[in-house]
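The exercises below are meant to be worked with the sequence and the 3D view side by side. Each one sets a task and is followed by a solution in steps.

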Amino acid sequence: MLTKKQLDLLEFIHKRVGRDGVPPSFDEMKEALDLRSKSGIHRLITALEERGFIRRLAHRARAIEIVKLPESLGGAPSSGFSPRVIEGDKPDVPMPANAQPVSPIDASEVPLMGRIAAGVPIEAINQRSHSVAVPGQMLSGSGEHYALEVKGDSMVDAGINDGDVVVIKETKIADNGDIVVALVEDHEATLKRYRRKGSQIALEAANPAYETRFFSDDKVKVQGKLVGLIRTY
């Protein structure tokens, strides 16, 4: 059984698509249901999904498939209702001509090795906790990959936040400007931007609150290079 707000939202989406051929935006949904914020819409959409009336599609910006309608909206096995894809207020970006579409099952399991510091270095990571699913396009070429959970805020200006999961390709070689997992003095690991300056290695933060740290090149070992990032909300 749906609440009145859940039913109102489902009916609003269904009528707008039937009338205009395009779905309402999240702002329009919010205004139609007289809600104060879009977070309320997200909660209603989640409730409709849990009850089997809609399904959110992976790899699409806020895309929703209407699976069924309640009888009050004409939904019945004999109603002839066919599912529609409901897009949110973010338009699709055209795919480049040479790009390959990504299938929802195009993913690989990589080991999550623990936490990595984006701040003051922490003890080196060397224990596998579990695996995470990573989209295939994040895995760059051949070679082993692993994932680490970020702790700290020193790389926020590079778009890496506390709690993010970074995908790392194992390598001992890095170019200037690469974001790497660096092992410092064989016992501390950190995520920083790598720069070589003569016989010194600079590990740069992406946050003005943190200073660049310098080490002789025999004190720093590159353990891998950043190739992707996974964020949950």
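**Exercise 1. Describe the surface and overall make-up of the protein in this predicted model.**

Solution. Begin with the accessible surface of the protein, which comes to about 13,800 Å², with 49% of it belonging to carbon and sulfur atoms. Next, turn to burial: the protein has 233 residues, of which 37% count as buried. Then list the secondary structure, which comes to three helices and 13 strands. Finally, consider the contacts with a separation of 6 or more, where residues 24 or more positions apart account for 56%.

**Exercise 2. Determine where the buried residues of α3 lie around the helix.**

Solution. First, locate helix α3 at residues 38-50; its 13 residues reach 19 Å from the first C-alpha to the last, close to the 18 Å expected at 1.5 Å a residue. Second, pick out its buried residues, which are Gly40, Ile41, Leu44, Ile45, Ala47 and Leu48. Third, look down the axis of α3: these buried residues fall within an arc of 160°, so they line one face of the helix. To finish, follow the chain past α3 to Gly52, whose phi is positive, near 85°.

**Exercise 3. Find which elements give two or more residues to the largest nonpolar core.**

Solution. Start from the core itself, which has 17 residues, those with the most contacts inside it being Leu9, Leu10, Met29, Ile41, Ile45, Leu48 and Ile54. The elements that give two or more residues to this core are α1 (4-20), α2 (26-32) and α3. As a worked case, take Leu9, which touches Met29, Leu33, Ile41, Leu44, Ile45 and Leu48 when residues up to four places away in sequence are not counted. Apart from this core lies another, of 15 residues, including Met113, Ile116, Leu148 and Ile160.

**Exercise 4. Identify the elements with the lowest and the highest mean pLDDT.**

Solution. Take the whole protein first: pLDDT averages 77, and 73% of the residues score at least 70. Lastly, examine residues 77-87, over which pLDDT stays under 50 and for which the model has 30 contacts beyond four places in sequence.

Technical notes:
Residues numbered from 1 in each chain as written. Predicted model: local features only at pLDDT ≥ 70, side-chain atom pairs only at ≥ 80, totals over all residues. Heavy atoms only, no water. Helix = DSSP H or I, 4+ residues; strand = E, 2+ residues; numbered from the N terminus. Expected span 1.5 Å × (residues − 1). Buried < 20%, exposed > 50% of the residue type's maximum accessible area, 1.4 Å probe, protein only. Arc of directions from axis to C-beta. Contact = heavy atoms within 4.5 Å. Areas by Shrake-Rupley, 256 points an atom, 1.4 Å probe, with all protein chains shown as cover. Core = buried A, V, L, I, M, F, W, Y, C linked by side-chain atoms within 4.5 Å. pLDDT = per-residue confidence, 0-100.
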